[in-house]
Amino acid sequence: MPPAPNDSRSAELYSRACRVLVGGVNSPVRAMRAIGREPLFIDHGAGAEIFDVDGNAYVDYVCSWGALVAGHAHPAVLDAVAAAAARGTSFGAPTALEVTLAEEVARRVPGAEMLRMTSSGTEAAMTAIRLARAHTGRDVVVKFAGAYHGHFDGLLAQAGSGLATQGIPASPGVPAATAADTVVVPWNDRGALERVTQRREVAAIIAEPCPANMGLIPAAEGFLEFLRERADACGALLILDEVISGFRVARGGAGERSGVSGDLVVLGKILGGGLPAAAVAGPRELLELLAPVGEVYQAGTLSGNPLAVAAGLATLALLDDGAYATLAESTQRLAKGLAAAGGSAVSVVWMPGLLTVFFAAEPPQDLAGAQRCDLAAYGAWCRELLARGVYPPPSQFEAWFPSLAHTDEQIERTLGAARAAFAAVTEAR
Ligand SMILES: *Cc1c(COP(=O)(O)O)cnc(C)c1O
């Protein structure tokens with residue numbers, strides 16, 4: 001066991017934070033409760049590394065939950081943001097760069113003829129649902145258990161059992177009536193999806209094409225095609241939530257990689273290059289239901305914010321074919337190394353740009369499978385990794401996000417730490 005890193009400043013900040021911020025954080029997973037420790041307060045980042053307020057360095061695999069595909073403080077992104085900031089940080093009026101960003105997205109993402117930008121993925125998903133309901137004149141939305149589309153009421157619903165059921169609120173404060181319009185189906189379950197779409201008048205099927213919010217659980221062979229087929233058969237829209245997969249798993253996201261296009265696509269994270277930006281994208285016919293052309297209301301004081309747009313454009317400019325090859329290669333190197341280090345106790349699931357180390361002998365196929373993982377062992381392993389200078393996602397139900405900044409040397413160092421951490425966890429049992 002390496003000497004425990006000093007985290008006294010983090011501890012001090014955490015106790016101050018807990019007095020004025022709920023749980024000491026502004027977003028729950030940051031609290032690290034799922035891995036049984038207190039959060040580290042970050043001082044700064046550079047490339048693939050972050051440095052906490054006590055001066056400890058970590059190879060970072062959270063990378064702002066995937067928003068930072070180019071790594072921390074990339075010079076091109078910083079320059080673009082500084083140049084934008086010098087001209088004023090927000091106008092509440094249109095600017096040239098948001099047009100350029102929308103054009104770039106339209107060139108990349110299948111089906112993204114037009115965009116409406118927002119400040120968060122939550123808002124963009126909410127707008128996509130509103131558009132689908134306005135377009136179809138129906139209320140029911142089908143989502144998959146374990147998929148995350150942001151924290152607004154209508155999608156914070158969960159199945160009461162492993163079967164497709166009427167949604168029940170997954171959070172106090174969500175009205176039962178709101179949750180009742182959400183039907184939750186297990187991921188990769190064709191039968192459940194078929195039954196629901198036959199029985200109910202469905203406005204939209206919303207899915208993460210590369211679900212990564214229950215850990216990474218890719219679609220079974222043909223399942224994305226089946227979503228498309230069911231949506232068409234029942235007159236619902238297919239909404240692909242590519243907030244994570246967009247600009248990550250391929251130049252044009254999962255839509256390009258799988259050949260299955262959504263009627264609406266939700267983008268975020270990489271789109272803002274580490275600043276707040278997201279968007280709903282789709283054909284003119286649907287997007288122009290939105291005000292000011294149509295009657296569906298949607299707005300945002302900071303939507304299309306000049307700094308976020310500049311960061312997003314600078315990030316997309318780095319994402320050429322060579323970058324995708326590099327990202328795929330380093331993800332594969334990391335995934336194979338982690339699988340070899342973990343042996344039969346873990347299964348490592350990966351796609352270009354993201355992976356999950358499941359503490360289960362077989363890769364889970366749905367949320368219930370992910371929940372059967374050895375969560376205590378995952379937590380212990382993460383604590384050991386942190387002690388060895390690697391910052392993993394502090395929950396079994398999240399993905400690792402290697403970036404373009406991760407070097408071979410950093411990946412080797414990560415694998416060394418991972419081997420030692422696996423050994424420590426095994427020994428402790
Ligand atoms: C992060 C995420 C969201 C929500 O985006 P925010 O910007 O955090 O509101 C929505 N969908 C998916 C798939 C996400 O991973």
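## Starting in helix α6

T197 is found in helix α6; helices here are DSSP runs of H or I with at least four residues, strands are DSSP runs of E with at least two, and both are numbered from the N terminus. At 4% relative accessibility, T197 counts as buried. The cut-offs behind that word: buried means under 20% relative accessible area, exposed means over 50%, and partly exposed is in between, with a 1.4 Å probe and protein chains only. Along the chain T197 and A236 are 39 residues apart, yet their C-alpha atoms are separated by 8.7 Å.

A word on what you're looking at: this is a predicted model, where local features need pLDDT of at least 70, side-chain atom pairs count only at pLDDT 80 or more, and totals for chains, interfaces and linings use all residues. Residues are numbered from 1 along each chain as its sequence is written, and side-chain values use heavy atoms, with hydrogens and water left out.

## Around the ligand

Which residues are around the ligand? They are S120, G121, T122, Y148, H149, G150, E208, N213, D241, V243, I244 and K269, where a residue makes the list if one of its heavy atoms lies within 4 Å of the molecule. Sorted by class, that shell has three nonpolar, six polar and three charged residues. For the bookkeeping, Ala, Val, Leu, Ile, Met, Phe, Trp, Tyr, Cys and Pro go down as nonpolar, Asp, Glu, Lys and Arg as charged, and the others, Gly among them, as polar.

Now for some polar contacts, meaning pairs of N or O atoms within 3.5 Å; within protein, one atom must be able to donate a hydrogen and the other to accept it, and residues adjacent in sequence count only if both atoms are side-chain atoms. A polar backbone atom of Y148 sits 3.2 Å from a nitrogen atom of the ligand. Taken alone, the ligand exposes 380 Å², and the protein buries 83% of that; the areas come from the Shrake-Rupley method with a 1.4 Å probe, and for residues only the protein chains shown count as cover.

β14 (residues 347-351) and β15 pair in the antiparallel sense over five bridges; to count as paired, two strands need at least two bridges found by DSSP. M351 stands opposite L354 in β15. The two strands form a hairpin with two residues between them, and G353 in the turn has a positive phi of about 95°.

How many residues of β15 (residues 354-358) are buried? Five of its five. Both faces are covered: L354, T356 and F358 are buried on one side, and L355 and V357 on the other. As for β14, four of its five residues are buried, so that strand is largely enclosed by the rest of the structure.

## Cysteines without partners

A disulfide is a covalent bond between the sulfur atoms of two cysteines. The rule used here asks for a pair of cysteine sulfur atoms within 2.5 Å, and by this rule the count comes to zero disulfides. Why is C210 too far for a bond? Because the closest cysteine sulfur, in C63, is 18 Å from its own sulfur. C210 also counts as buried, at 3% relative accessibility.

C382 is in no disulfide either, with the nearest cysteine sulfur, that of C373, 12 Å away. This cysteine counts as buried too, at 0% relative accessibility.

A cis peptide bond joins A291 and P292, with omega at about 10°. P292 has its place in the loop between α9 (284-287) and α10 (306-318). S64 has a phi of about 55° and belongs to the loop between β3 (57-60) and α2 (75-86); S64 is partly exposed, with a relative accessible area of 39%. N188 has a phi of about 70° and is found in the loop between β9 (182-185) and α6 (190-199), but N188 is buried, at 17%.

Lastly, R108 in helix α3 (residues 96-108) is buried, with a relative accessible area of 5%. A polar atom of the R108 side chain lies 2.7 Å from the backbone oxygen of L319.
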